[in-house]
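Here is a short briefing to keep beside you while you look at the model. Take a moment with the sequence and the 3D view, then read on.

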Amino acid sequence: MSPRSASVNEELRRRSRERLLQAALELVEERGYDATTLGDIADRAGSARGLVSYYFPSKRQLLQSAVHRLMNRTLEEALEREPRTEDGDERLARAIDAILGLARDHPVLMRTHMAVLLQSEGFVPCVEQQRLSEMLQDTVRRHGSADVELDYPMLRAQLMGSVFAILLPGAPMPVRRMRAEMFRRYGLAWERGFPPDDDVTDDVASGESPAPGRTADFSRYFEPLRPAGRPADPRAQSK
């Protein structure tokens, strides 16, 4: 048997890393951060336990990368959703709705992520966060910023502050109220983005882990993103 090519080895490493990121999201959402071990993540991913530390120096960094993947893919889906648009106001509204929506839909993961960021080691840059940063900077630029280096950190801070307020145990702010405040700050009409239905509650879940046996499906965040409505390449399905 001939040795694998460099490109094949690289693809295998990429897939291993992807499985670890997905397993981290699933397990922390199911069990919480403290009850999830690196061994659990490796087992869920079907990987050797030594591979976890090869790709990620710590559980904190693995979780940060996993949640940043969830954030950047959610943002990408929102920005590329049909009908596609280059309108700066619409793209900023979609970005705000995407991030606030994560606080509503995945409170355990987002609350854990915020708590990890506030620990002494703090923020650790990674490829997933860099992609998120690039998309938000591009959104600010399209919205008409004359100083992206100043306005991007302000948008990031306001998004983080809104997520924190939505997730604060015991005194959470309604998602609608935080959305309205951010839209007011940026001069966005309520109808922009993905306005919540009037008959659907936007209260954040209690933050408890999902019921035993129920696993959130994060698989789409670990596949090549394609425009909404476009079918997968049939040649790929036949392989």
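The notes below begin with the whole protein and then turn to two residues.

This is a predicted model. The protein has 10 helices and 0 strands, and buried residues account for 45% of its 239 residues.

**The whole protein**
- Along the sequence, the pattern reads α-α-α-α-α-α-α-α-α-α.
- Of the contacts between residues at least 6 apart in sequence, 73% link residues at least 24 apart.
- The protein's accessible surface is about 13,200 Å², and carbon and sulfur atoms contribute 52% of that.

**Arg94**
- You will find Arg94 in helix H5, which covers residues 88-105.
- Arg94 has a relative accessible area of 4%, so it counts as buried, the cut-off being under 20%.
- A polar atom of the Arg94 side chain sits 2.9 Å from the backbone oxygen of Pro83.

**Tyr186**
- Tyr186 belongs to the loop that runs between helix H9 (175-185) and helix H10 (234-237).
- Although Tyr186 and Asp89 are 97 residues apart along the chain, their C-alpha atoms are separated by 8.5 Å.
- With neighbours within four places in sequence set aside, Tyr186 is in contact with Leu92, Ile96, His143, Met154, Leu155 and Gln158.

Terms used. Residues numbered from 1 in each chain as written. Predicted model: local features only at pLDDT ≥ 70, side-chain atom pairs only at ≥ 80, totals over all residues. Heavy atoms only, no water. Helix = DSSP H or I, 4+ residues; strand = E, 2+ residues; numbered from the N terminus. Contact = heavy atoms within 4.5 Å. Buried < 20%, exposed > 50% of the residue type's maximum accessible area, 1.4 Å probe, protein only. Polar contact = N/O pair within 3.5 Å; in protein donor to acceptor, adjacent residues only side chain to side chain. Areas by Shrake-Rupley, 256 points an atom, 1.4 Å probe, with all protein chains shown as cover.
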